[in-house]
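Subject: Structure handover

Hello,

Here is the structure I said I would pass on. My notes on what was found in it follow below.

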Amino acid sequence: MNFLLSIAFVLCWSSGFIGAKLAAGSASAVTILMWRFLPLAVVLIVIAAVSRTPWRGLAVRDVARQAVIGVLSQSGYLLTVYYAIQLGVSSGTTALIDGVQPLVAGALAGPLLRQYVSRKQWLGLCLGASGVAIVTMADAAAGTDAAWWAYLIPFLGMFSLIAATFLESRSRARVAPAVSMTVHCATSAVIFAAVAVSAGAAKPPAELSFWAAITWLVVLSTLGGYGLYWLILRRSGVTKVNTLMFHMAPVTAVWGALMFGEPFGPQTTLGLAIGLAAVVIVYRGDTSSPRVCARDTDTGGASRPATYGA
């Protein structure tokens, strides 16, 4: 089951890049992001008003915490990625910087969550970073006219998603997925709408292709990608879920080749193979203690996986 969830997560998360390209021809980035989240937030709020069960017993502090996680994992991450590309940073360079995320998360998992990374897992993480570098290095080496400080912006997005991951992992309160998704999307809808209105880009285009791309982004990227990200995080921990991020660049390259006729050569093939090897090594190098798992499952519920740390 975890293997199938991992495949679904990689496909859904990668679909965000494809959906963004589908919509890019008819609207600006902030317009796409606003209409990606605004209709979904309205639907989720209506569902929450009808079905109140998941919200019972939640403290205001828990909802506020989820709002902060939403700001970091969706608004902060997506805004920085799109903004960097608008400033002239190539998508390959942005993907390469974002691909360093698993190494940073792996390094921080030990001191922050007591999810220590074994030597085999570090080997897998380093291999994964190498795979991402191979796939994107040609594009990154091409160079752009972007200002030097523009290259720092993707790092902000990377750290934003990592911060959201650790904040969720440190939370003692188990929030239902329906609740967290509603809060995250509502928060992102408010932020993206404010940015779009202030930029004069709130009006959506009338083209059918734009709304088809928005539907793609809502169903696959938001509900599928982000939903599966938090689910796998709860089941498998920070190191494993971030290792799957290594697949995004090569999988997107394959998808782009099939859908848009983009070039797919030996360099991408090699990077994909290395990324697959990295995930296998990380999963086989898991050193989770059965005694710790038993302790956590005996304290009151299966809803708190041992991989979350104290």
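Val 63, Gln 66, Ala 67, Ile 69, Gly 70, Val 71, Ser 73, Gln 74, Ser 75, Leu 78 and Leu 79 of H3 are in contact with Ser 180, Val 183, His 184, Cys 185, Thr 187, Ser 188, Ile 191 and Phe 192 of H8, where contact means heavy atoms within 4.5 Å. Sorted by class, this contact of H3 with H8 holds 10 nonpolar, nine polar and no charged residues. In that sorting, Ala, Val, Leu, Ile, Met, Phe, Trp, Tyr, Cys and Pro are nonpolar, Asp, Glu, Lys and Arg are charged, and the others, Gly among them, are polar.

Before the rest, two remarks on the source. The model is predicted, so local features need pLDDT of at least 70 and side-chain atom pairs count only at pLDDT 80 or more, while totals for chains, interfaces and linings use all residues. Residues are numbered from 1 along each chain as its sequence is written, and side-chain values use heavy atoms, with hydrogens and water left out.

The protein chain has 13 helices and zero strands. Helices (H or I, at least four residues) and strands (E, at least two) are DSSP runs, numbered from the N terminus. Buried residues make up 50% of the chain's 310 residues; buried means under 20% relative accessible area, exposed over 50%, and partly exposed in between (1.4 Å probe, protein chains only). Among contacts in the chain with a separation of 6 or more, 88% are between residues 24 or more positions apart.

Back to the first pair. H3 (residues 60-86) and H8 (residues 177-198) pack at an angle of about 55 degrees, and their axes are 8 Å apart. Axes are lines fitted to C-alpha atoms, for helices over the stretch in contact, and angles run from 0 to 180 degrees between N-to-C directions. H3 and H8 are therefore oblique to each other; angles under 35 degrees count as roughly parallel, over 145 as roughly antiparallel, 65 to 115 as roughly perpendicular and the rest as oblique.

Ser 73 lies in helix H3 and is buried, with a relative accessible area of 0%. Leaving out residues up to four places away in sequence, Ser 73 touches Ser 160, Leu 161, Ala 164, His 184, Tyr 226 and Trp 230.

A second pair is H2 (residues 29-50) and H9 (residues 208-236), which pack at about 65 degrees with axes 9 Å apart. That makes H2 roughly perpendicular to H9. The residues of their contact divide into 11 nonpolar, three polar and one charged.

Met 34 is in helix H2 and is buried, at a relative accessible area of 6%. The C-alpha atoms of Met 34 and Ala 194 are separated by 8.6 Å, although the two are 160 residues apart along the chain.

Last, the core. Of the 57 residues in the largest nonpolar core, Phe 9, Trp 13, Leu 78 and Tyr 229 touch the most other members. A nonpolar core is a set of buried Ala, Val, Leu, Ile, Met, Phe, Trp, Tyr and Cys residues joined through side-chain atoms within 4.5 Å. H9 gives the largest share of this core, 12 residues. Outside four places in sequence, Trp 13 is in contact with Tyr 77, Leu 161, Gly 225, Tyr 226, Tyr 229, Met 245 and Met 248.

Regards
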